[in-house]
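Subject: Structure handover

Hi,

Here is the structure I promised you. My notes on the contacts follow below it.

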Amino acid sequence: IKGLLMVMIVMVVALVSWVDYSYMPTQSTDQLVQKMPNKTALHLRAPEFTFSAIDDNGSYQRSDFIGKTVLINFWASWCAPCKHEYPMLIELAKQYPETLVLILISSDYQREDAYHFSQQIAQSLGVQGTDDRLFSLNNVYVTYDQGRHITKDIFGTTRYPETILISPEGMMEEKIVGILTE
């Protein structure tokens with residue numbers, strides 16, 4: 001069933017990912033991947049990293065989610081395509097609460113910008129959390145990447161948005177540079 005979910009998610013991503021080429025870098029994805037530290041490439045183990053959730057300050061590692069499909073999305077609240085894509089990703093997480101984990105990594109200039117933007121999206125979609133949680137969805141994690149260590153140093157991301165699909169086995173399956181559209 002995990003394999004079937006992985007195939008379904010890849011198909012959904014493929015069907016909805018008409019890339020807006022105005023946000024594409026001039027280099028190919030393969031060239032970008034080669035510039036990434038540890039020479040991480042598709043179909044290789046995803047790099048390990050630790051992050052703190054912006055809402056509960058819990059500390060998590062990418063490997064905490066082995067056994068689930070993980071979508072890592074690099075975004076910023078000032079990025080117009082990111083604003084369009086963010087709600088769509090939340091809706092996808094709502095559809096697969098048991099098998100999909102969504103990690104939203106913000107490169108905003110200030111933590112508060114990322115928090116308030118995420119809070120507005122949660123309220124507009126009716127999935128706002130209680131207490132310290134931004135979202136009522138237990139499979140959505142928002143983190144503020146101060147200094148862009150995860151974004152630039154680990155994944156080599158310089159253009160937003162960017163989404164990386166990681167299999168339940170922890171393998172990078174697809175790197176999508178640019179906006180995903182409906």
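K94 is partly exposed in this predicted model. Its relative accessible area is 33%. The side chain of K94 meets that of E91 in a salt bridge, at 3.5 Å from N to O. Both residues lie in helix α3, 3 residues apart. That is about one turn of the helix. E91 counts as partly exposed too, since its relative accessibility of 29% falls between the 20% and 50% cut-offs.

The structure holds 3 salt bridges. Here are the others.

K175 pairs with E162, and their closest N and O atoms are 3.6 Å apart. K175 and E162 are both buried.

R62 and E48 also meet through their side chains, at 3.6 Å from N to O. This pair links distant parts of the chain, 14 residues apart. R62 is in the loop between β2 and β3. E48 is in the loop between α2 (29–35) and β1 (50–52). R62 is buried, with a relative accessible area of 4%. E48 is partly exposed, at 38%.

Next, the cysteines. There is 1 disulfide in the structure. It joins C79 and C82, with the sulfur atoms 2.4 Å apart. The torsion about the S-S bond is about 75 degrees, so this disulfide is right-handed. C79 and C82 are both buried.

Now the aromatics. The count comes to 13 aromatic pairs. Two of them are worked through here.

Take F65 and Y141. The ring centres are 5.2 Å apart and the planes are at 50 degrees, so the pair is tilted. F65 is in the loop between β2 (59–61) and β3, while Y141 is in strand β5. The two are 76 residues apart, and the pair links distant parts of the chain. F65 is buried, as is Y141.

Then W78 and Y160. Their ring centres lie 5.8 Å apart with the planes at 85 degrees, so this pair is edge-to-face. W78 is in the loop between β3 and α3. Y160 is in the loop between α5 and β6, 82 residues away from W78. W78 is partly exposed, with a relative accessible area of 41%. Y160 is buried, at 11%.

Which residues form one aromatic cluster? They are F49, F51, Y60, F65, F74, Y141 and F155. So F65 and Y141, the tilted pair, belong to this cluster.

Last, the core. The largest nonpolar core has 50 residues. Within it, I72, Y86, I90, L104, F135 and F155 touch the most other members. Several elements each supply at least two residues of this core, including β3 (69–75), β4 (100–106), α4 (111–125), β5 (140–144) and β7 (172–177). Helix α3 (80–95) is on that list as well. The largest share, 7 residues, comes from α3.

F135 is worth a click in the viewer. Leaving aside its neighbours within four places in sequence, F135 is in contact with D55, Y86, I90, S118, A122, V127, Q128, G129, V140 and V142. Among these, Y86 and I90 are also listed with F135 as core residues that touch the most other members.

Best wishes

Conventions. Residues are numbered from 1 along each chain as its sequence is written. This is a predicted model: local features need pLDDT of at least 70, side-chain atom pairs count only at pLDDT 80 or more; totals for chains, interfaces and linings use all residues. Side-chain values use heavy atoms; hydrogens and water are left out. A nonpolar core is a set of buried Ala, Val, Leu, Ile, Met, Phe, Trp, Tyr and Cys residues joined through side-chain atoms within 4.5 Å. Buried means under 20% relative accessible area, exposed over 50%, partly exposed in between (1.4 Å probe, protein chains only). Helices (H or I, at least four residues) and strands (E, at least two) are DSSP runs, numbered from the N terminus. Contact means heavy atoms within 4.5 Å. Rings of Phe, Tyr and Trp (its six-membered ring) pair if their centres lie within 6.5 Å; planes under 30 degrees apart count as stacked, over 60 as edge-to-face and the rest as tilted. A disulfide is a pair of cysteine sulfur atoms within 2.5 Å. A salt bridge is a side-chain nitrogen of Lys or Arg within 4 Å of a carboxyl oxygen of Asp or Glu.
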